[in-house]
Amino acid sequence: MSVFDELVGQGAAVEEILRAALAARRAAPEADRGAELENFAENDNALSRGDLAESVLTGSGLTKGGLAGGELAEHSSAMTHAWLFTGPPGSGRSLAAKTLAAALECTGSTPGCGECASCKAVMADNHPDVTTVSTDLVTIKADDVRAYVAQSYVAPVQGAYRIFIVEDADRMLPRTTNVLLKAIEEPAARTVWMLCTAAVADVLPTIRSRCRNINLVTPSPQDVAQLLTARDGVDPEKALVAAQAAQSHIGVARALATDGAAAALRENTLMTLTVVHSVGEAVLAAQLLTDPEKMYATADSGSERSASAASPASVVPATSAADIMEIEQRRRMQDLGLDPDGRVPAAVKSQVAADAGNVKRRQTRMQRDMLDRELIYIESFFRDVMVKQLGADVPAINADFSAQIDQRAEISTLEQTIAAMDACAKARQRLRANVAPVLAIEAALVQLVQ
């Protein structure tokens with residue numbers, strides 16, 4: 001078993017990662033390799049011939065013949081200090097970056113063996129020299145990146161490289177990216193930066209011109225379903241439905257198959273959509289779709305909120321963002337050993353204020369992600385309706401809602417279906433432009449019923 005097993009359908013990316021890892025091993029000075037040199041040298045000839053372990057090729061779609069050892073050996077420039085992993089959401093950008101990190105830190109006979117202590121530590125996010133830069137806020141802060149840049153000039157503690165994986169690099173504002181630019185222009189000798197984003201255009205030209213790009217593709221639903229079955233023990237039929245509903249987004253597919261709340265969000269979204277037939281119902285449905293408590297309620301919760309998820313007419317006022325922020329703020333005060341109802345000492349007043357700002361940003365991020373996912377589900381529903389209206393021989397995304405899709409296809413025209421998909425796309429743009437969520441969703445639903 002290798003670190004590449006979960007990187008399904010990405011043969012070209014795996015080949016590039018293996019080439020870089022092998023080049024890094026050959027270029028490493030003897031002093032840096034230390035006790036590992038003997039283990040590397042023992043397998044050098046096998047690597048040169050391309051006789052890679054079968055476990056490395058499992059699930060990657062590669063063959064030994066496709067990785068000519070001589071070609072690998074000749075390209076000493078295959079390794080670089082800055083990488084840009086791009087690809088559609090769910091294709092495994094962060095996982096690909098992590099596998100490259102594991103392959104670089106690997107001490108086994110084959111890069112990314114998955115059996116050595118270094119590989120296991122990297123894949124478990126527990127390696128001292130591999131740092132993941134991520135955020136649950138709207139953007140990655142410049143101060144955080146500045147701290148990582150300073151850390152990048154410190155020699156690695158245990159492995160061959162000090163590696164930084166920046167997830168969602170598109171969440172860095174230009175001023176934040178400029179902080180990172182200096183470290184990528186003049187990196188430390190044994191530091192590697194890996195940026196992950198959907199498209200090359202998401203990062204500044206000054207950054208992408210200094211990075212080597214590895215582009216990932218969308219895996220097939222069958223590959224994703226097979227991964228869920230093998231890794232998570234999901235029933236094959238359920239795994240395939242989840243993979244199709246997630247449009248081959250591996251993370252979403254796993255959540256739909258194993259997390260009741262994630263599955264409830266999709267089901268409640270599509271059920272709400274199917275019962276909206278008037279402008280009034282669209283207005284009520286918009287309130288429902290923006291209420292996390294209702295949308296994540298599972299059918300077996302036994303609560304009135306869960307039962308009302310499929311009916312816009314039974315909407316009750318949602319917990320306001322201000323209430324949620326107050327709860328989070330009181331919890332944070334208690335964690336600091338302060339009385340939530342008392343006076344904040346001057347010494348920690350700035351820290352409390354900063355925490356309050358982070359709570360608000362975190363709440364905004366969570367709401368945006370939920371609404372974006374809902375709009376994707378709605379758009380996929382109308383995509384299936386359009387396929388039905390065109391009579392195309394294309395697999396449905398929402399196969400478990402085939403009856404509702406057939407009904408919608410019969411009562412609407414192709415022009416109306418396309419207009420509905422455009423309304424979803426416009427709503428997503430409005431949310432990114434900070435339009436009030438209820439208004440953006442309401443406008444989209446009104447367009448759908450009209």
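Residues are numbered from 1 along each chain as its sequence is written, and side-chain values use heavy atoms, with hydrogens and water left out. As the model is predicted, local features need pLDDT of at least 70 and side-chain atom pairs count only at pLDDT 80 or more, whereas totals for chains, interfaces and linings use all residues.

The chain has 23 helices and five strands; these elements are DSSP runs numbered from the N terminus, with helices being H or I of at least four residues and strands being E of at least two. Of the 450 residues in the chain, 44% are buried, where buried denotes under 20% relative accessible area, exposed over 50% and partly exposed in between, for a 1.4 Å probe and protein chains only. Among contacts (heavy atoms within 4.5 Å) in the chain with a separation of 6 or more, 72% are between residues 24 or more positions apart.

Two packed helices are described by the angle between their axes and the distance between the axes. Axes are lines fitted to C-alpha atoms, for helices over the stretch in contact, and angles run from 0 to 180 degrees between N-to-C directions. Angles under 35 degrees count as roughly parallel, over 145 as roughly antiparallel, 65 to 115 as roughly perpendicular and the rest as oblique. The axes of helix 9 (residues 142–152) and helix 10 (residues 174–185) cross at roughly 5 degrees and come within 8 Å; the two helices are therefore roughly parallel to each other. In this contact, Ala142, Val145, Arg146, Val149 and Ser152 of helix 9 meet Thr176, Val179, Leu180 and Ala183 of helix 10. By class, the contact has six nonpolar, two polar and one charged residues, with Ala, Val, Leu, Ile, Met, Phe, Trp, Tyr, Cys and Pro counted as nonpolar, Asp, Glu, Lys and Arg as charged, and the others, Gly among them, as polar.

Helix 22 (residues 414–432) and helix 23 (residues 437–449) have axes 9 Å apart at an angle of about 170 degrees, and helix 22 is therefore roughly antiparallel to helix 23. The contact of helix 22 with helix 23 has ten nonpolar, one polar and one charged residues.

Three aromatic pairs were counted. Rings of Phe, Tyr and Trp (its six-membered ring) pair if their centres lie within 6.5 Å; planes under 30 degrees apart count as stacked, over 60 as edge-to-face and the rest as tilted. The rings of phenylalanine 381 and phenylalanine 382 have centres 5.6 Å apart and planes at 85 degrees, so this pair is edge-to-face. Both phenylalanine 381 and phenylalanine 382 are buried. Tyr148, Phe164 and Trp193 are linked by ring pairs into a cluster.

The count of disulfides (cysteine sulfur atoms within 2.5 Å) is zero. The closest cysteine sulfur to that of cysteine 119 belongs to cysteine 116, at 3.5 Å, too far for a bond. Cysteine 119 is buried at 1% relative accessible area, and cysteine 211 is buried at 13%.

Arginine 266, in helix 15 (residues 260–274), is buried with a relative accessible area of 7%. Not counting residues up to four places away in sequence, arginine 266 touches Ala245, Leu256, Tyr377, Asn398, Asp400 and Phe401. Isoleucine 214 lies in strand 5 (residues 212–215) and is buried at 3%. Its C-alpha atom is separated by 8.5 Å from that of glycine 87, 127 residues apart along the chain.
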